[in-house]
Amino acid sequence: MDMKVAKKLGLKERYTLMTRDLAWDTTYQPMDKVFPQVTYEGIKIHDWDKWEDPFRLTMDAYWKYQSEKERKLYAILDAFNQNNGHLSVTDARYMNVLKLFLGSTPPLELMAARGFSMVGRQMVGGGPRVACQMQAVDEYRHFQTQIHSISNYNKYYHGMDEFAHQQSRMWYLSDGKSFFDDAITAGPFEFMVAIGFAFEYVLTNILFVPFISGAAYNGDMAAMTVGFSAQSDEARHMTLGLECIKFMLEQDPDNLPIVQRWIDKWTWRGTRKLASVGMMMDYMLPKRIMSFKEAWEMYFEQNGGALFTDLARYGIKIPQCFTQTIEEKEHVSHQSWIGFYMKPDATPFHTWVPTPEELDWLSEKYPNTFDKYYRPVYEYWAQMEKEGKRFNNRTQPMNCQVCVSTVKFNEPGDPMSTCFRETVYKGEKFHFCSDHCKDIFEHEPEKYIQTYISSNQALQGNCAPEGVDVNAPDFNPGEHIAAYWRLDKRATGDFNGSEDQKNFAAWRDQATKN
Amino acid sequence: MAVKALAPYEFQSRDALERYKGKQLLFINWERHRMFSRPFILALPPETSFSEIVDKYITDCFSYHPDFARIDWSKVVWQNSNTVFTPDRARSLKDNGIGHKDLIRFTTPGLDGIAGSGY
Amino acid sequence: MQMDLRTVSITPLRQTFGHLARRMGADKPASRYVEATMDLQPVENFHFRPTWEPELDIFDPARTRITMKDWYALKDPRQYYYGAWTQARGRMQETAEGDFELVDELGLAAAYPQAGKEEAFKVFLPLRHAAWGSNINKAYVSAYGYGIAISQAACYASMDQLGIAQYVTRLGMAFGDIEALAEAKQAWLDAPEWQELRRYTEDLMVEKDWFEVMVAQDFALEGLLYPLVYERFNDRLNAAHGPVFSMLTRFQREWYAETCKWTDAVLKAAAADNPENKDRLATWIAGWRERAIRALEPIARLAFGADAPVVMEEAVAALNARAVKAGIPL
Amino acid sequence: MSNAFIAFQKNEDTRCIVEAIVDDNPGAMVNEQPAMVKIDVPNRLVIKRASVEEKMGRPFDLQELQVHLITISGHLDETDEEFSLSWNS
């Protein structure tokens, strides 16, 4: 082949030479020993070469663009830090959304990094392996830039300093931990459906796009930069997830029921995980660009709807939970905020009753539900707070055996009642927040009997410091749990009267007076 | 369905009764009073009397709600999960048929939360 | 209200995260590498056991026989977190891009002596598959290694090897020779000179102990391969035919010089932790070194002809010296 | 009919890209949000290298889109000349 021919190679041909042409079938060791994980889930792959590479990024181009992004990002972070950028956000209340978002997300991104490294080792085809490895290294980028972004906030505000310690201990972080532990302990194909498809393609937009745009709207250039810069990798990841689904479905008709069950399972698990995102959007951003309900409609119903209509040609049906999520979009953000508001001693971020203007905004955004179900309790709490009786539910929660959310969602069709589901397995009762979680359990009980539930563990005496007799008659598990969490008392309680609030006001004062 | 795995996959339940050293788990929910967000959990010996549940744990948790003082306890409907039952206050959890990880739900007729909102 | 936030001088309430202050023994600012690395991997309260390995936890120190009091002692002297790594590689790729463009612009490939090109292709081109194998083996270390210090550095090294496999491919393309790539693949699969190296690479793909994989791939094998091919063989080509290949393999040379620092630091830290580690590492290195020598001898003969034994001897001596410097007498 | 969409961070480069998209995709809907811009097109959205280059007045590699992207929806196809997102429905 002469020089001209080589130069004429298109993007696709060049990329093939740069990836899958590098691969060979091993002969000194059998392929099934080199790649031992690709068959046990029941997925049948006949021809790995049929994998279509979604983005065709070679490493030199990857380094070129990624280094450009990183250079820009760290320049903005440095400038933000040097100029006390944290004081330019709308309100000190805003910091709490960062505490929740940037405190809980890096550990999950880290799990994605490790999970994609595993799948990037295990997939047989060169195409998918490279795509997974590239996503793995991107996920390192994400958790690290997030940590670097909170690093500066951590110097001035309480509640961010123990995120690494709390990731495996804190009650409200268990749902995310369970989500990723579930995915990473599954086989490589289920991991791809869980994270690559359900999370990245169907749900990640709701997590990042309106929220990060909201960060920008609230003057937080650091979180905005980190968030959008991470999102620029996300388009690649979403495409990988979708490609993996198509690949499995095109390879063998027997894959369809397995893939469908995974889509049902993981769309639901992701939906539950996003309940707290709803409350971040509706309650925690001082200035809001859209309601959670609107975001859900735009990114889940419309975008997800388009996706599932498209996949119908393979026989894929819209996930079973779709109808329930449409009903719940009117409720979950309120039910989540109520769940956090009533536990002021148990989170490293503050909560508060929305102001009258905010209640009006919620009424406007949720005309079907807010005034009827939620406004009265907030007005009652506001009144009680004035009387010096701010609500504090000191009890420990009941959690769903599958999603590990506290059991706080309503019975479908009856917003005044809590939804309970249960099953008995090997003589033991297990409780769930929904039909979908119950289905997931019943399909794989041996997996979900292992679920780690923080309050249950405390009652077993597993969260007490050394030297505490957990069998003593007066043993109170709640007494030690704050130490187990390393929970800074200054970070807890209502926002009103908090140190963050006072400090922010004092620092801003310094900027306007002599 | 069994879990598909590359090696035998069997583990003890993380919340098996044996792990509670003589106690058992109990969940309690006040229906249509969702201000409390979710049921609360207790670990108690099965010999604990039902009156202790009501007078101590239920009262401690729920008395913050303005409806609590208005409860007519003679009209309260008790359920163990979905099964209605009539507890004997003087007797133990065990004697009331309440086992490990049972969910006790009680409904207070006529009381539907703040402004009838269910909260 | 106009605010000049730059003029505000605030005393921070704390300098760093709790886990880092405890690790450093003081509340002081931590580097971006430390923030991005230390104590981040979950170590407790895992929800489920892996269906692919039910006998171990998701992250489990038992996936290697090396033991460490502190897994974060295996740190990277280059202090590569993602941003530092990708910017370093970004600079290297810019240079490489310039080199490839220059070769193209000046027609240096076409002008290169045919004999030299053949000699070079025989040695370089099959190595795109060796780099691909290295990518897989490093991906294994990254996937199953314990702690973020090792997993991230192995992840970057694994991507580096993919990059190297692609640069070697481009080397073939720069000479307009797609067929040579196909021939090189055939050689990798069938030609006797390459079979011991391929066997070595494939055997590592089924080795379970991730630390041993790292010792065998990164230290024993690449510790001989890179100096032999990308340094000594390039010198030889430069002297005989001119420096084009030297330009087009600059990335590999720079990568190796830099990556050795990391490999050696990891071995040194592991050996220093306890005597059992030190013995085990010595045994691993000695065993894999002998196999690596066997695997590379035919390639050395391709590259150096009659000089092969001498060149190999020097490379082995240098490798041994690295081990000794890392505190592992062989 | 479903919409394919793409969203970018707002900056000088993406201003040109968005203009090129609007020119090349009849029916493109541009939705401006804080720090981002989202463009929806029924069924198929295409970005043409030549159009972007004309707007920018400089050579443009479609892979540069990587630097500015926030999110996409639709099946992606990428060649040296075109970057497209589409639904089969």
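Guide: Asp218(C) counts as buried, at 5% relative accessibility, in what is a predicted model. Its partner in a salt bridge is Lys138(C), with 3.5 Å from N to O, and Lys138(C) is buried as well, having a relative accessible area of 1%. Because Asp218(C) belongs to helix 10 (residues 210-241) of chain C while Lys138(C) belongs to helix 6 of chain C, the pair ties together parts that are 80 residues apart in sequence.

Lys293(A) is buried at a relative accessible area of 12%, and Glu330(A) is buried at 11%.

Lys177(A) and Asp181(A) also meet through their side chains in a salt bridge, at 3.8 Å from N to O, but these two residues both lie in helix 8 (residues 174-185) of chain A, 4 residues apart, or about one turn of the helix. Over all chains, the count of salt bridges comes to 90.

Now to the meeting of chain C and chain A, where 97 residues from chain C and 104 residues from chain A take part in the contact. Between them the two chains bury about 9,000 Å², 61% of it on carbon and sulfur atoms. Arg14(C), His47(C) and Phe48(C) supply 10% of the area that chain C buries against chain A, more than any other three residues.

Arg14(C) also forms a salt bridge with Asp488(A), the closest N and O atoms being 3.8 Å apart, and across this interface there are 8 salt bridges, while 56 residue pairs are in polar contact. Among the elements that give two or more residues to the side of chain C that touches chain A are helix 6 (127-144) and helix 7 (148-174) of chain C, and helix 7 of chain C provides the largest share, 17 residues. By class, that side of chain C has 44 nonpolar, 31 polar and 22 charged residues.

Methods
Residues are numbered from 1 along each chain as its sequence is written. Chains are lettered from A and ligands numbered from 1 in the order in which they are written. This is a predicted model: local features need pLDDT of at least 70, side-chain atom pairs count only at pLDDT 80 or more; totals for chains, interfaces and linings use all residues. Side-chain values use heavy atoms; hydrogens and water are left out. Contact means heavy atoms within 4.5 Å. Buried area is the accessible area (1.4 Å probe) that two parts lose on being put together, summed over both. A salt bridge is a side-chain nitrogen of Lys or Arg within 4 Å of a carboxyl oxygen of Asp or Glu. A polar contact is a pair of N or O atoms within 3.5 Å; within protein, one must be able to donate a hydrogen and the other to accept it, and residues adjacent in sequence count only if both atoms are side-chain atoms. Ala, Val, Leu, Ile, Met, Phe, Trp, Tyr, Cys and Pro count as nonpolar, Asp, Glu, Lys and Arg as charged, and the others, Gly among them, as polar. Buried means under 20% relative accessible area, exposed over 50%, partly exposed in between (1.4 Å probe, protein chains only).
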